[in-house]
Structure formats: C-alpha cells, structure tokens
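Here are my notes on the model, point by point. Have a look at it first, then read on.

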Amino acid sequence: MKKQSGTSKSNSGHTAPGMGLLALEFRAFWEFGAVLPAWPALQKAPAGDGHSVIVFPGLAASDTSTVPLRKYLESLGYDVTGWQQGSNFGPRAGVLEGIKRMVRETYAASGNKVSLVGWSLGGVYAREIAKELPDFVRCVITLGTPFAGSPRSTNAWRLYEMVSGRDIEREADNFELHKAPPVPTTSVYSKTDGIVAWQGSIQSKSPELGHEQTENIEVLASHFGIGLNPSAWWAVADRLSQTESAWKPFRKPKMLGLGGIVFPGASD
C-alpha cells in the first residue's frame, strides 16, 4: 500500500539493539536444538484445516531457511509452500508481482484464502501483499519483523542497502509499513532480539494504524532463531488455526504451567 501524503510514522525514536543483545544471537543454534525435546508438545498445537500457507524468508535468506517451520506446519495439516523467489535481496524487479501472482493462483487452485507467514523482512512482504490483496489473504503472521518506526532501528539496514542497492529510508517512505493489513494480523516478537529493536515489531492498535484483529505476541527468542523457536512455532500454529469467522486473540497455552515463561505478557 503506497504511503499517503501527510501520514506520520510511529515509534521512530528507538534505536537498534546494542552489542550485548547482538552477541546473544548465537543462541539461535540452541533454539533449533530445542525443537526435538519440544516436539511432543508442539504436536498438541491445534490441528490445521488444510488451507494454504505461504512462508517468506528473511533478508538474504531463501526458502531453505524456512524448511523446518514449513515441515512443522505441514505435520499439522496445512498446505505449505515457500515464496519461491530465491534469496530475499529486497524488492527486486518482478519479485512483488511474482508474489502477488502466486497468492492469486494459490487462492484460485484451492478456492480458499491464503495465510501469509513472514520472518523478518519476509514479514514486510506479507503485510504489504495483504494490503494489496485483502480478498485473497486469510491472515498475516510476522516473526521479528520491523515495520513500526525508523527503518534504521535494526542492525541489518546496511546489509539491506548493500544487497538490494536501495536506500532504506527512501524505500520505506513509499509505504505505510506501520499500518496493519485489513485482515487478522499477528506480530511475534522478542525483547531480546539482537537485530531488530523490539519496539519496531509492535503493532499499534490505534484506529488509524490497527484494528480489532491485530495483536502482538512476545516470545523468548533471538532474531536468527525466532523462525526456528518452538514457542514461536506454537504461536504460528495457534494463529493459523483461527477460523475466518471467529478470530480470537492469542491466549498462552497451559503447558505444564510454563505458558507465562515462554510467552511473557500473554493473557491466560
């Protein structure tokens, strides 16, 4: 959705995470390692209804990075695919049109709306595509996605400019990134994210930016590990299971009393 003149940005005062949090990004390996012992609990997540899900990778990543998450969602009963656009080096020529065509074709093949899940920069694609194609999109779920505030409030903006060849601030000015899509929208974020300032992943619920079906879910995760993190996987599965006609806000699961630990701040 193109930005309208006179629209102001929100939460632009926060800065990128410091070196301490950046150093903690190495725990991503441990997060993925936690999947195996967590697998029995993950299989107790709500079963899928078979609708189509497209998963978008983060900056400089490809569909290979989302294979574990996609395999998990497939095990629950969803029809899952990657974005099929190679490595995510920004909105190169043809990428956005290719994604929109894919969403339309997936919708046409199944007759059902498509859910979009995006990791980091991939979540920006998911949100913007949903704004342009709301009649084809069932819901949007983002993982560690920076959409609220300054585009330089991350430790990845230089990499983005290098691989995309674009000025990130000029690029952000072309869109209303902080405005939620007109479909159920969930932002999964971590306050210990070492790449993205967590405030930049908070969807405002103000009438001009959000709506009744927007929410933020906090998990304990690194940025590089949030797409491989068992608690983030549970949140994604839970949100995908919501019916189109009866969407309800996220409630932390009763997992051996640990819901308040793996989902800080979530409602019971």
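1. A word on terms: helices (H or I, at least four residues) and strands (E, at least two) are DSSP runs, numbered from the N terminus. This is a predicted model, where local features need pLDDT of at least 70 and side-chain atom pairs count only at pLDDT 80 or more, while totals for chains, interfaces and linings use all residues. Residues are numbered from 1 along each chain as its sequence is written, and side-chain values use heavy atoms, with hydrogens and water left out.

2. Two backbone angles to check. S120, in the loop between strand 3 and helix 6, has a positive phi near 55° without being a glycine. At 11% relative accessibility S120 counts as buried (buried is under 20% relative accessible area, exposed over 50%, partly exposed in between, with a 1.4 Å probe and protein chains only). A60 is no glycine either, and its phi is positive at about 65°. A60 sits in the loop between strand 1 and helix 4 (67-75) and, at 36% relative accessibility, is partly exposed. For context, most residues other than glycine have a negative phi.

3. Just after helix 5, G111 has a positive phi of about 80°.

4. What does helix 5 pack against? Its buried residues are V95, G98, I99, K100, M102, V103 and T106. They pack against strand 1 (52-56), strand 2 (79-82), strand 3 (114-119), helix 6 and strand 4 (137-143), with contact meaning heavy atoms within 4.5 Å.

5. Don't skip E171 in helix 8. E171 is buried, at a relative accessible area of 14%. Leaving aside residues up to four places away in sequence, E171 touches P91, Y160 and R166.

6. Now the largest pocket, with about 930 Å³ of space. On a 1 Å grid over the protein atoms alone, a pocket is an open set of points where a 1.4 Å probe fits, with protein on both sides within 12 Å along at least five of seven lines; lining residues have an atom within 4 Å of a point. Grid points are joined across faces, edges and corners, and the volume is the space filled by probe spheres set on the points.

7. The lining of that pocket has 46 residues, with L121, V124, P146, Y160 and I168 nearest the centre. Helix 6 gives the largest share, 6 residues.
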